[in-house]
Amino acid sequence: MKKQLLERVESDGEEIIDFLQGLIKKKSSNPPGDTREAISYVSKFLEEREIEHRILRPDKEKPNIVSKIEFEKPGRNLTLNGHVDVFPVSDTEAWKHDPWSGVLENGRIYGRGACDMKAGVTALVYTFIILSELSEKLSGSITLTVVSDEETGGRLGSGWLIENIPEVRGDCCINAEPSSPHTIRFGEKGILWFKVSIHAPGAHGAYTHLSSNPIKIAAKIISDLENLKNLPVKHPKTLAETLKEGRQEAEIALGSGGFNVMSNISVNFGVINGGIKKQHDT
Ligand SMILES: [Zn+2]
């Protein structure tokens with residue numbers, strides 16, 4: 001069956017590329033996160049192939065698609081999960097091609113989210129469709145989830161589905177986040193996002209003894225938080241062994257230092273604002 005599947009992917013190649021290019025053209029930056037066009041593009045495609053699916057809207061601008069196929073024999077459920085929202089485009093001028101063009105050049109497709117993760121969503125959608133045609137040969141079930149909110153935390157995307165739609169909770173989940181030809185990644189770190197506000201009365205720059213300075217306090221907090229990445233992390237035995245085994249490939253895929261980031265707590269700082277007075281430009 002593996003051969004049959006690979007042949008099918010090969011023969012549908014052009015159609016698959018065409019689908020991906022079309023999906024890239026649907027602007028879906030998050031923030032702000034209006035992904036209706038991209039979701040309706042996927043939905044229309046499923047509809048044309050008579051694949052029943054539901055569109056669930058925890059937010060009217062962020063719909064999620066769920067579709068489940070029960071195969072003939074009973075068995076476990078595999079969930080396929082991908083997101084259509086993408087990072088915003090901050091500097092259009094810096095792009096070689098229009099970020100919403102999906103241009104194919106020298107064997108590469110260009111566009112915002114082509115890699116993260118509209119190519120992945122394309123792979124999942126086609127996997128789902130191809131497997132749906134092999135119902136009599138397979139057991140268990142397969143669930144497709146195409147979600148709208150991942151780039152700002154996933155609360156209204158996969159997070160919402162897990163909490164509200166029991167059928168998406170599979171025995172195993174394949175998520176098509178980009179990795180590289182060198183590795184298949186497994187597991188995801190949990191995230192904790194938070195905002196820190198520091199308030200102090202403030203004082204003239206000549207009389208710093210009169211008030212603590214919020215910017216200095218923030219710098220100290222940032223430096224302390226940075227130390228979190230040095231906390232020892234105890235991985236389950238199999239995970240530790242597998243990580244170690246794949247160390248070399250991980251460094252090839254992610255660049256030097258990638259292995260340590262994968263194995264430990266990662267710490268990042270997003271936006272910092274502070275102060276009310278600055279030197280005049282002139
Ligand atoms: Zn992603």
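**Figure 1. Domain layout of the predicted chain.** The protein chain is divided into domain 1 (2-175) and domain 2 (191-277), with bounds that come from an automatic or database domain assignment. The centres of domain 1 and domain 2, taken over C-alpha atoms, are separated by 32 Å, and the C-alpha trace of the chain spans about 80 × 45 × 40 Å along its principal axes. This is a predicted model, in which local features need pLDDT of at least 70 and side-chain atom pairs count only at pLDDT 80 or more, whereas totals for chains, interfaces and linings use all residues. Residues are numbered from 1 along each chain as its sequence is written.

**Figure 2. The largest nonpolar core.** This core has 25 residues, where a nonpolar core is a set of buried Ala, Val, Leu, Ile, Met, Phe, Trp, Tyr and Cys residues joined through C-beta atoms within 7 Å, and buried means that 20 or more other C-beta atoms, placed from the backbone, lie within 10 Å of a residue's own. Among the residues with the most contacts inside the core are Ile39, Val84 and Phe128. Helices H2 (13-25), H3 (36-48), H4 (114-132) and H5 (158-164), together with strand S6 (139-147), each give two or more residues to it; helices (H or I, at least four residues) and strands (E, at least two) are DSSP runs, numbered from the N terminus. H4 provides the largest share, seven residues.

**Figure 3. Surroundings of Val121.** Leaving aside neighbours within four places in sequence, Val121 is in contact with Leu23, Gly82, Val84, Val146 and Ala176, contact meaning that two C-beta atoms, placed from the backbone, lie within 7 Å.

Notes:
A residue is buried if 20 or more other C-beta atoms lie within 10 Å of its own, exposed if 12 or fewer, and partly exposed in between; C-beta atoms are placed from the backbone.
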